[in-house]
Structure formats: C-alpha cells, structure tokens
Amino acid sequence: MSSPSQQAAKLGFGFAVSQALRVVIELGIPDLLVSGEQSVEDLAAATKADAEPLYRVMRLLAPEGVFTENPPRHFALTEVGAALRSDRPGPRDFIRMINSEAYLAFEQLLHSVRTGKPAFDKVFGSPRFDWLSAHPEQAALFQRAMVALSQGTNEAVADAYDFSRYTRVVDVGGGHGQLLSAILARNPHLSGVLLDLPPGVAAARRGAGGDLPRTDFVAGNFFENVPVGDIYVIKKVIHDWNDERAGLILRRCREAMPAHGRVLVAETLVPPGDEPDQIKAIDVVMLAVTGGLERTEAQYARLFEGAGLKLERVIGTRAAISIIEAAPA
Ligand SMILES: C[S@@+](CC[C@H](N)C(=O)[O-])C[C@H]1O[C@@H](n2cnc3c(N)ncnc32)[C@H](O)[C@@H]1O
C-alpha cells in the first residue's frame, strides 16, 4: 500500500500515462500484437522506433493494464490494450485527439480557473472550433474521435425516443451524422437536416457516421440560424458552450420550430455527490478547451428557461447519456 504522499505523487504523473498511450497508438503497437506476444525488439523494428525507449514506454503502460510483460521484454495485449486496435470501435482516435491540442491547452488550465475563459484560446490564439476549421487534418481526427466516443450512444438515443409524431428532424451540430443516421434508419417517415460547420458536413457527406438518406446537408452557424424542423436533436454540443452561447443555440431552435416542436438535448448529466464519474474530467476538458461545461438537470432547466423553452422530462437511455426534452414555454 503506498503512502498518501506516494498516492498524491502518482496523480501528478497522469500526463505520462496519457501521452505514453498516445505514442503506442500512433505507432500501431496494439495492431502488431493481435496475433500474440512479441519482443520489444521486433515491435521496434516493425514501427521504426528505438527499442530501448519503446521498452520504457511499454513498461510504464503494462502495470496500468494495457499490456502484460512476460517473459521479460515480450509484451502481449490485455483486453484493455485490445480496445486500442484499429479494427475495433473504441477510444483510439479519442485518445489521440485529446492528447494533442487539448493536452497543450491544459498546460494553461490555471488561466481557465482564474478567468473562467478557455485556455485553448490563449495557447492557440483562436477558439477551438475556429482553429479546427483552419486545420483540416485535426478537424478530421476530431470527427473520428467523436464517432469513437459515440459508439453505442447514438443507437441508444435513437431507441429511447418516440419520433412517430414528427416529420423533419434537425441534427444541430450533427458532425459525422451518426445520430441522424440511426434516427432515420428507425423512422422511415422522417426526413433529416444535418447542420454543422463545413468540416462536420464534409465528414457526414463522406458517410463517416453511416448512411444519411432523405437528408439535407447545411454548412452553417448555429449561433446565427437553424433550419426549420419539428424535432431538434442536439447531442454533445450544448456542453461545448457557456450559458450565454448555449442559450443562443437553443433560442435559434426555438425561433425556427413550430408550437408542437420539441428540442432534445442529449448529454450526460453531472450526478450529485463525489462518486467517480468520467463526466467530471470531461467537464474540466470543456472548461479549458471550449469554455463549455457539463451540467446538472437543474442547470439545463435554467438554460431552457432563458431560451423560451421549458424542460418537460429527462429520458434515460441504456448508454451513459440522457435525453433532456424541452418544449416551447
Ligand atoms: C462535440 S461535437 C458533437 C458532434 C455530434 N453531435 C456528436 O454527438 O458526436 C460538436 C459539433 O459542433 C459543431 N459546431 C461547432 N461550432 C458550430 C457552429 N458555430 N455552427 C454549427 N456547428 C458547430 C462542430 O463542428 C462539431 O461537429
């Protein structure tokens, strides 16, 4: 059992593990271990890396549960490590994405805590989504990361809600289009609109998130204008923004929708208490990177109120995401 000070010191090394994980993903190590254990020398030769530093990185990750080392300098995948294979839907692209620009922004987290403003803007000179629009490669990785993070959740959201009384679904900030694809597949009576910035629309058009029949693609700005529809889905978008900006997106939906329309915000609610929950880490990532936040149910109710909407109900899904339904106030 380590002492309290050793435990505290270990917390301070979190960056070493997350960056080491990114390195083995970038080198494609998990794919090389699919057919069984290999020596670090063979892995280094296959990835054009230097065997000694690669060994040290893999030795760090083994006790974290990613590899097993047995015999010495031979590594095998654990189930956790196997989740990083490129042929598995999993967190691979998310880990790569979050450990690049977001990681650099985090060095200035104190700035966010002192000012409430995103560290990203200070480090990169522009807001996160403006920066992504100017960096197509990172924007494409971001969209792949969103697909990876969304595994299972889009189907869960599409299954949990009855869309039968609506005709046109607008996916606001729909990105790759995986949620819209799942909703349209289950509801052949619906047509769809996918609204996003140009890189998101490009990913959706490429079919990054699945087939999108009966869909209009709109490259636009949800702070300015939202297309007309009678059911709005907004998944993992509101958490990117502070209350003022998030409220504006919801107000744009309210302006465009008919009286019987509904807004479905799909987000992970912050639970009360101090139980461990990954959403608390994502919340601080939002603080530093986009200036957004994860919210409780009461915070969503207030946000809707300010946008001319009222929270009607919260619908749980089988995934770690809820549907927060709002109607015109
Ligand atoms: C965190 S992603 C969520 C994507 C998708 N809804 C999902 O659940 O995976 C946020 C999305 O908002 C889009 N976005 C950001 N600013 C926008 C704006 N001003 N207008 C339209 N879309 C925007 C981004 O391009 C991105 O696709």
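Let's start with His239. Not counting residues up to four places away in sequence, His239 touches Glu267, Ile282, Met286, Thr290, Gly292, Leu293, Glu294 and Arg295. Contact here means heavy atoms within 4.5 Å.

A word on the source. This is a predicted model, where local features need pLDDT of at least 70, side-chain atom pairs count only at pLDDT 80 or more, and totals for chains, interfaces and linings use all residues. Residues are numbered from 1 along each chain as its sequence is written, and side-chain values use heavy atoms, with hydrogens and water left out.

Back to His239. Where is His239 found? In the loop between strand 7 (231-235) and helix 16 (243-256). Helices (H or I, at least four residues) and strands (E, at least two) are DSSP runs, numbered from the N terminus. His239 counts as buried, because its relative accessibility is 6%. Buried means under 20% relative accessible area, exposed over 50%, partly exposed in between (1.4 Å probe, protein chains only). The His239 side chain also reaches the backbone oxygen of Lys236, at 3.2 Å.

Next, helix 16 itself. Helix 16 packs with helix 18 (residues 297-306) at about 60°, axes 8 Å apart. Axes are lines fitted to C-alpha atoms, for helices over the stretch in contact, and angles run from 0 to 180 degrees between N-to-C directions. So helix 16 is oblique to helix 18. Angles under 35 degrees count as roughly parallel, over 145 as roughly antiparallel, 65 to 115 as roughly perpendicular and the rest as oblique. From helix 16 come Asp243, Ala246, Gly247, Leu250 and Arg251; from helix 18, Leu303, Phe304 and Gly306. That contact divides into four nonpolar, two polar and two charged residues. Ala, Val, Leu, Ile, Met, Phe, Trp, Tyr, Cys and Pro count as nonpolar, Asp, Glu, Lys and Arg as charged, and the others, Gly among them, as polar.

Now the other pair. Helix 2 (residues 14-27) and helix 5 (residues 51-61) pack at about 120°, with axes 10 Å apart. That makes helix 2 oblique to helix 5. Helix 2 brings Ala16, Val17, Ala20, Leu21, Val24 and Leu27; helix 5 brings Leu54, Val57, Met58, Leu60 and Leu61. How do these residues divide? Eleven are nonpolar, none polar and none charged.

Last, Val66. Val66 sits in the loop between helix 5 and strand 2 (67-69). Val66 is buried, at 6% relative accessibility. Leaving aside neighbours within four places in sequence, the contacts of Val66 include Leu21 and Leu61. Gly81 is another of those contacts. The C-alpha atoms of Val66 and Gly81 are separated by 4.3 Å, with the residues 15 apart along the chain.

Methods:
Polar contact = N/O pair within 3.5 Å; in protein donor to acceptor, adjacent residues only side chain to side chain.
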